[in-house]
Amino acid sequence: GGGGGSSSYDETEGIAMAAVGVGGGDEDDEDGGGVGGVSNFSIADVDIHDRQPRNPRGADVVSVLKRRLIAGAAVAGALSAAAISLGLASGRVSIPGFTVGRSSSSSPFGGGGGGGGAPPTPPTPPTHPSYALEYTSVISEYDLTVAMYRHIRTDAEFFAVLPNNGSNDGDYNNNNNNGQQQQQREDKSFGISFRTNPTDSTGVAHIVEHSVLSGSRKYPVKDPFLHLLKGSLQTFLNAMTYADRTVYPVSSRNRQDFRNLVDVYLDAVYHPRCVEEEWVLKQEGWRYELDDDDNDSDAGDGDDDGGELVLRGVVMSEMMGAYSDPDEVMYRTSQTLLFPDTTYRHDSGGNPVDIPQLTFDKFRDFYSRHYHPTNSKTYVNGDVHDVLMALELVDSYLIEYEFDPDARSESTVPYQMIKFVEPKRERRPYAASSSSSSSEEDDDDDDE
């Protein structure tokens with residue numbers, strides 16, 4: 001994901017493994033910057049189904065999780081809290097030592113240390129009839145309590161982080177002074193992510209990410225994302241497409257504003273109007289237009305051909321810029337060569353040459369196969385009130401769905417088998433601006 005990718009070789013299994021980083025270099029960042037936090041976390045070292053290490057280095061994964069997952073959540077604040085959600089989106093992480101329904105003293109995150117004095121009373125994670133509380137753990141080093149829920153109807157995963165110094169009142173409607181003071185000084189963050197594995201380089205995952213934020217059933221406005229940027233109290237608002245997942249994080253310090261933002265994002269991903277209205281694909285993806293350039297037309301020549309036929313679209317224009325950057329071309333080419341048999345060989349952002357091959361039917365099919373609760377992971381960071389609010393709000397959307405095992409199995413990323421043992425060399429052209437071409441021609445004339 002992003003620019004944090006690397007590869008390694010495990011002699012015990014004879015496979016190439018990708019170390020996927022969360023921070024920076026994402027395919028698409030609506031706000032112009034990546035989410036900082038966890039980096040170089042190897043998703044290939046953990047079995048996402050059995051919760052057991054896949055190789056002798058499994059113990060190192062737990063160590064990495066201890067140092068980086070919690071540091072990202074507690075130290076970096078709301079942005080890094082969102083990054084935890086992104087890291088978990090690639091697969092169910094094995095965390096030995098957790099127990100169901102109570103704090104675990106053998107948690108890999110550690111249980112002691114710190115200064116003297118009595119530790120704050122940890123909050124009791126709220127329960128909800130639509131969810132099974134799988135495990136909880138108190139992380140005393142960072143005054144946090146973590147809880148993992150599973151939605152009973154859809155098997156969707158829900159991960160919550162609660163500060164131990166916040167309001168412990170389990171009644172969401174009881175806005176006592178302690179809870180109100182806590183709400184003013186703590187960022188509340190929420191994120192929902194889907195594992196999205198493209199099978200080509202049409203950029204369908206990237207275009208869907210743009211399109212779901214172009215209006216929904218409850219919020220049928222042209223661009224709710226821009227309305228939220230201008231009119232809400234958000235402290236972070238974004239959406240990003242990675243090579244194997246798409247994430248929608250948001251945060252705010254105001255409780256009511258936070259609830260509104262979560263509701264807008266949930267309605268966007270589960271009830272988007274883009275799957276019913278083809279104009280959204282043309283606006284965000286690609287379309288043909290006549291380029292009416294007045295500078296190129298001669299007045300009075302009597303020849304009006306209406307301009308040149310050109311390709312337009314938000315993602316099309318964005319990726320044309322990306323493919324004119326030699327560093328971007330080198331990175332994307334390297335990834336294609338390293339993973340010739342997996343989804344990573346494709347460009348999830350979209351290759352301008354391939355983007356026009358995306359049809360509306362393929363667009364809708366990709367959305368229906370990947371944007372299902374069974375294929376999702378949801379994250380919330382806040383006090384007990386915020387967690388309960390998120391549980392209730394998410395459940396109000398998931399009630400329309402049933403468990404779909406295919407949604408999860410079809411998006412699983414297999415291991416890449418070793419295909420070569422010697423370095424490969426590849427040459428790829430990239431687009432250059434007209435000013436660069438002119439400069440090169442002038443240099444050639446000087447040489448002559």
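**Figure 1. Helix α4 and its buried residues.** The buried residues of helix α4 are Val 204, Ala 205, His 206, Ile 207, Val 208, Glu 209, His 210, Ser 211 and Val 212. Buried denotes under 20% relative accessible area, exposed over 50%, and partly exposed in between, computed with a 1.4 Å probe on protein chains only. Since 9 of the 9 residues of α4 are buried, the helix is largely enclosed by the rest of the structure. Helices (H or I, at least four residues) and strands (E, at least two) are DSSP runs numbered from the N terminus. This is a predicted model, in which local features need pLDDT of at least 70 and side-chain atom pairs count only at pLDDT 80 or more, while totals for chains, interfaces and linings use all residues. Residues are numbered from 1 along each chain as its sequence is written, and side-chain values use heavy atoms, with hydrogens and water left out.

**Figure 2. Packing of α4 against α10.** Helix α4 (residues 204–212) packs on helix α10 (residues 360–370) at an angle of about 80°, the axes being 10 Å apart. Axes are lines fitted to C-alpha atoms, for helices over the stretch in contact, and angles run from 0 to 180 degrees between N-to-C directions. The angle therefore makes α4 roughly perpendicular to α10; angles of 65 to 115 degrees count as roughly perpendicular, under 35 as roughly parallel, over 145 as roughly antiparallel and the rest as oblique. Val 204, Ala 205, Ile 207, Val 208, Ser 211 and Val 212 of α4 make the contact with Lys 362, Phe 363, Phe 366 and Tyr 367 of α10, where contact means heavy atoms within 4.5 Å. By class, this contact of α4 with α10 has 8 nonpolar, 1 polar and 1 charged residues. Ala, Val, Leu, Ile, Met, Phe, Trp, Tyr, Cys and Pro count as nonpolar, Asp, Glu, Lys and Arg as charged, and the others, Gly among them, as polar.

**Figure 3. Packing of α6 against α11.** The axes of α6 (residues 255–270) and α11 (residues 384–398) come within 10 Å and cross at roughly 25°. That angle makes α6 roughly parallel to α11. Residues of α6 in the contact include Phe 258, Val 262, Leu 266 and Tyr 270, and those of α11 include Met 389, Leu 393 and Tyr 397. The contact of α6 with α11 has, by class, 9 nonpolar, 1 polar and 5 charged residues.

**Figure 4. The nonpolar cores.** In the largest nonpolar core, of 60 residues, Phe 158, Phe 190, Tyr 248, Leu 266 and Tyr 270 touch the most other members. Apart from that core lies another of 8 residues, among them Tyr 135, Ile 139, Phe 159 and Val 161. A nonpolar core is a set of buried Ala, Val, Leu, Ile, Met, Phe, Trp, Tyr and Cys residues joined through side-chain atoms within 4.5 Å.

**Figure 5. Thr 343 in its loop.** Thr 343 is found in the loop between α9 (326–338) and α10. With 10% relative accessibility, Thr 343 counts as buried. Neighbours within four places in sequence aside, Thr 343 is in contact with Asn 197, Pro 198, Ala 243 and Val 413.

**Figure 6. Two aspartates with positive phi.** Asp 143 lies in the loop between β5 (131–139) and β6 (144–151), and its phi is near 55°, a positive value in a residue other than glycine. Asp 143 is partly exposed, with a relative accessible area of 32%. Asp 155, in the loop between β6 and β7 (157–163), has a positive phi of about 70° although it is not a glycine.
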